[in-house]
Amino acid sequence: MTLFGQGGTETDRRLRLLVGLVVASAGIVVLASTRLILTSTTPRSLDDFATIATVVFMIAVGTSVKARIRIRSTTHQINWNEMAIVIGVAVAPTSWVVLCTGLGVAIASFRLPVIKRAFGVGKNILVAGAAGATLALLDWSRPAEDLLRMSLMLALAYLAAALVDDLLAIPVIALATGTRISRQFRDNLDLRVGGFCVRFAVALCTLLLLEIDTRLLLAVPPLVLSLHLAYSGRIRQRTEQQVWQRLAQTTDALNVVELHEVLTTAVTRAAELFSADEVEVELRDTDRVVRGGADGVTYDGPAAEPTTVQGAVVPARLEGHDKTVDVGMLRLRFRGPVKLSEREHYTLYTFASALCTAIRNAQAYAELARVAQAHAHDATHDALTGLPNRRHLLDAGNDHLDQRHADGVTALVLIDLNHFKEVNDTLGHTAGDQMLAAVAARLRAAAHAEDLVARLGGDEFAVLMRALPAPAVAAHRAETLLAALHEPFDLDGMRINVEASGGIAAAPATGGMVELLRRADVAMYQAKRAGQRLASYASARDTADLGRLTLGGDLTRAVADREFTVKFQPIVDLGSGEVIAAEALARWRHPTHGMIDPLRFLETVERSGLLPAFAEAILDQALVAAGTWRDAGFDVPVAVNVSPRSLLDTRFPDSVLARLRAHDLPPDRLILELTETLTLSQLDVVDQVLTRLRAGGVRLALDDFGTGYSSLSLLSRIPVHQLKIDRSFVTAMESSTEAAAIIRSTLDLGRSLDLAVVAEGVEREAQRHTLWELGCAAGQGHLFARPLPAGTLLAALKRGTGGRTGHLAVALHDAGAVVRLPQGRRQGGRGRHQPA
């Protein structure tokens with residue numbers, strides 16, 4: 001092996017020193033060989049001038065015919081001259097072969113730079129000396145009748161020549177290219193060993209031919225040339241195979257979603273793939289440049305910073321296969337001149353296209369994460385004051401209550417501004433908003449660092465106090481909070497005094513944040529009724545708790561006597577006004593208390609152990625109604641709310657599917673509406689229950705979507721068909737840009753995931769128009785109908801609106817009319833009678 005570059009490679013001091021040592025050592029061998037020739041008798045075999053000329057010719061040809069491999073800006077060339085050298089020392093004295101080697105290599109490399117020519121001559125002279133010395137130590141002779149002994153000695157001489165060649169060439173190549181010596185030794189080791197065996201076989205056959213006739217030595221160069229061409233082809237095939245394998249591995253490594261990781265992988269892998277001294281990736285939109293090599297990234301910053309690697313530059317645009325997208329530029333830098341082959345150019349463009357795709361995917365993922373984070377913040381914070389909202393308070397409070405042990409008392413202070421409506425009515429909503437923002441700022445300043453200050457809506461604020469040393473401390477801190485609001489507020493030059501009422505409650509042993517918030521609310525209204533500024537929760541005065549205890553005792557009778565009834569609120573196609581589903585809403589017709597709202601009894605039902613019987617009673621009534629509507633010609637699916645506790649019952653799916661079979665209804669006519677809860681996001685049993693329901697054909701909907709950050713994470717776990725936008729966003733969308741943005745993002749999410757979207761709380765025609773223009777296909781609310789008994793809803797369907805049965809609203813456009821939809825409005829490909 002020898003080192004030949006494509007002109008002008010700079011070498012450092014160590015490289016020059018190593019080359020100098022090789023040349024000096026070769027000079028000593030030449031001097032010794034010359035002295036030996038001058039002091040000895042010319043051997044009889046040298047009388048034939050053709051032998052010496054042939055040896056020189058073989059060495060020159062073996063040096064000239066090369067297989068080229070490029071590493072960075074240097075081309076490394078593999079030749080067959082050690083075979084010619086070994087044949088030479090086998091047929092002629094070593095001293096003469098040393099001189100012939102120097103002459104032959106010098107003739108073959110006369111066009112190379114001086115330092116490379118000197119290294120090639122010196123290295124091969126040392127190779128000849130090593131081979132000749134080995135044969136001399138073995139007492140070389142070539143008796144044809146002792147073929148085994150001759151083969152063994154020749155093999156040892158060839159091994160010595162090959163080892164000296166690698167030991168001298170590999171360190172020089174590693175220094176010239178900046179690669180590790182161990183890696184240079186391992187690369188293509190199998191090909192080098194195979195080439196060694198082939199060339200040794202050729203050398204042995206050549207010597208056997210010489211036994212027959214010395215003139216047959218002239219037939220060896222053509223044979224060597226043929227073998228060299230085959231060997232070079234094998235090297236090229238191996239090199240291309242390795243390149244395609246590395247390209248496939250590199251493109252696979254680019255399949256990550258973090259942009260920095262994509263750029264780091266691109267720089268390090270491309271440096272190895274193309275043997276470049278430096279790889280640079282420039283991103284056009286962000287004016288960012290990442291540079292580095294096989295060892296890692298060396299620079300990541302603005303594009304204006306110049307590179308330290310000077311030399312050849314091979315650029316490639318980062319554009320897609322269709323060349324319509326251009327994200328930047330990929331540059332390969334080499335310290336010396338280099339020319340890529342056609343195959344390398346194709347590999348470069350393939351890699352650049354894959355990198356372009358990886359960068360675009362990473363940028364899209366980063367933008368999606370940013371939007372999700374923004375939506376998550378908007379969904380958990382109040383837009384006006386920047387404080388956490390009710391959902392955030394509930395989630396954070398529940399997390400804290402679940403994790404508390406002996407870390408003190410947890411209490412909640414609920415604060416309501418008195419006569420705030422008069423501020424809005426007198427000074428306008430702008431002044432009211434300014435006051436709310438000022439109140440939020442004062443509460444935040446007065447609260448402790450570990451407290452959570454939230455705005456619940458309107459003029460209601462809450463402060464969650466954690467790790468209190470005693471319950472009495474809560475009252476003291478609450479007084480401090482209310483005192484912070486005592487000073488007048490300056491609104492556009494006017495000083496306004498604000499009065500506030502507060503209620504304090506300590507966290508109960510059960511019930512979580514919902515119960516804590518209810519108790520604080522009870523205490524606050526106790527303060528208002530008593531004309532006090534602050535009151536603490538007292539269970540003896542909690543009429544709601546007493547009422548629940550009374551209702552709890554009536555549950556068993558209520559289930560047995562079928563006191564629980566169902567009303568149905570239709571879900572309507574916003575464009576046509578057609579009823580496409582109906583939501584079942586449970587009511588309790590109590591013989592003493594009259595019609596009771598579910599908010600008053602559902603929690604009691606869940607705690608009573610009667611939940612399965614209650615759920616079956618509601619489901620039965622809903623399925624009976626759906627069957628009645630179908631028999632009347634209105635195939636309207638029915639939606640039923642599911643308690644989170646029901647999803648913890650592994651028998652629940654079988655019960656639902658059994659009820660469907662009993663009522664002879666297809667499973668897709670039932671929609672089960674799920675509420676975002678901590679239970680849904682944490683328990684694996686819920687995943688199993690929902691998967692079985694969906695596998696059975698039941699359709700699933702996520703209710704009140706957007707009111708908690710868990711929405712986005714839940715979608716990756718719960719296999720739902722439909723999202724329901726919470727009524728609070730619909731109510732606020734005309735006055736709040738944040739609410740409108742959340743609705744738009746929910747609709748975009750539904751389209752991208754092929755989910756139907758239903759808006760709750762549609763009460764005005766303007767809301768219907770706005771939602772339809774945004775791309776929302778379905779909605780429910782008082783605009784179309786309040787919750788109705790099954791028979792009343794059937795009568796309304798038969799009666800219809802505008803002469804069209806099954807419709808509860810006038811269509812937004814005439815049948816057959818051409819409607820120009822706003823840009824970007826497109827509903828997913830579901831049938832209009834499939835809301836979920």
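Helices α3 (residues 81–91) and α5 (residues 114–137) pack against each other at an angle of about 40°, and their axes lie 9 Å apart. That angle makes α3 oblique to α5. Here, angles under 35 degrees count as roughly parallel, over 145 as roughly antiparallel, 65 to 115 as roughly perpendicular, and the rest as oblique. Axes are lines fitted to C-alpha atoms, for helices over the stretch in contact, with angles running from 0 to 180 degrees between N-to-C directions. The α3/α5 crossing is right-handed, the term used if the near helix is turned clockwise from the far one by less than a right angle, with anticlockwise giving left-handed.

This is a predicted model, in which local features need pLDDT of at least 70, side-chain atom pairs count only at pLDDT 80 or more, and totals for chains, interfaces and linings use all residues. Residues are numbered from 1 along each chain as its sequence is written, and side-chain values use heavy atoms, with hydrogens and water left out.

Back at the helix pair, N81, E82, I85, V86, V89 and A90 of α3 meet N124, V127, A128, A131, G132 and L135 of α5, where contact means heavy atoms within 4.5 Å. Sorted by class, this α3/α5 contact has 8 nonpolar, 3 polar and 1 charged residues. Ala, Val, Leu, Ile, Met, Phe, Trp, Tyr, Cys and Pro count as nonpolar, Asp, Glu, Lys and Arg as charged, and the others, Gly among them, as polar. Helix α3 is also mostly covered, with 11 of its 11 residues buried. Buried means under 20% relative accessible area, exposed means over 50%, and partly exposed is in between (1.4 Å probe, protein chains only).

Zooming out, the secondary structure of the protein comes to 27 helices and 24 strands. These are DSSP runs numbered from the N terminus: helices are H or I with at least four residues, and strands are E with at least two. Of the protein's 836 residues, 49% count as buried. Among contacts between residues at least 6 apart in sequence, 70% join residues at least 24 apart.

Next come the strands. An open sheet of 5 strands runs in the order β10-β11-β9-β14-β15, with mixed pairing; two strands pair if DSSP finds at least two bridges between them. At its edges are β10 (452–457) and β15 (534–536), each pairing on one side only. On average, neighbouring strands of this sheet are turned by 20° against each other, direction ignored. Within the sheet, β9 (residues 409–418) and β14 (residues 499–506) pair in the antiparallel sense over 8 bridges. L414 has G503 in β14 as its bridge partner. Helix α14 (residues 429–446) lies across β9, β10 and β11 and runs at about 10° to β11.

Strand β8 (residues 326–334) has 8 of its 9 residues buried, so β8 is largely enclosed by the rest of the structure. It pairs in the antiparallel sense with β4 (residues 278–283) over 6 bridges, and L283 has G328 in β8 as its bridge partner. Strand β7 (residues 312–319) is also joined to β8, by 8 bridges, and the two run antiparallel. There, P315 stands opposite R331 in β8. Elsewhere, β19 (residues 638–641) and β20 run parallel, joined by 4 bridges. V640 finds its bridge partner in L672 of β20. Strand β20 (residues 670–675) is mostly covered too, with 5 of its 6 residues buried.

K567 lies in strand β16 (residues 564–573) and is partly exposed, with a relative accessible area of 25%. Leaving aside neighbours within four places in sequence, K567 is in contact with E583, A584, L585, R587, P787, L788 and P789. The C-alpha atoms of K567 and A790 are separated by 6.5 Å, although these residues are 223 apart along the chain. H807, in the segment after α27 (790–799), counts as buried at 10% relative accessibility. Not counting residues up to four places away in sequence, H807 touches S576, G577, E578, G800 and T801.
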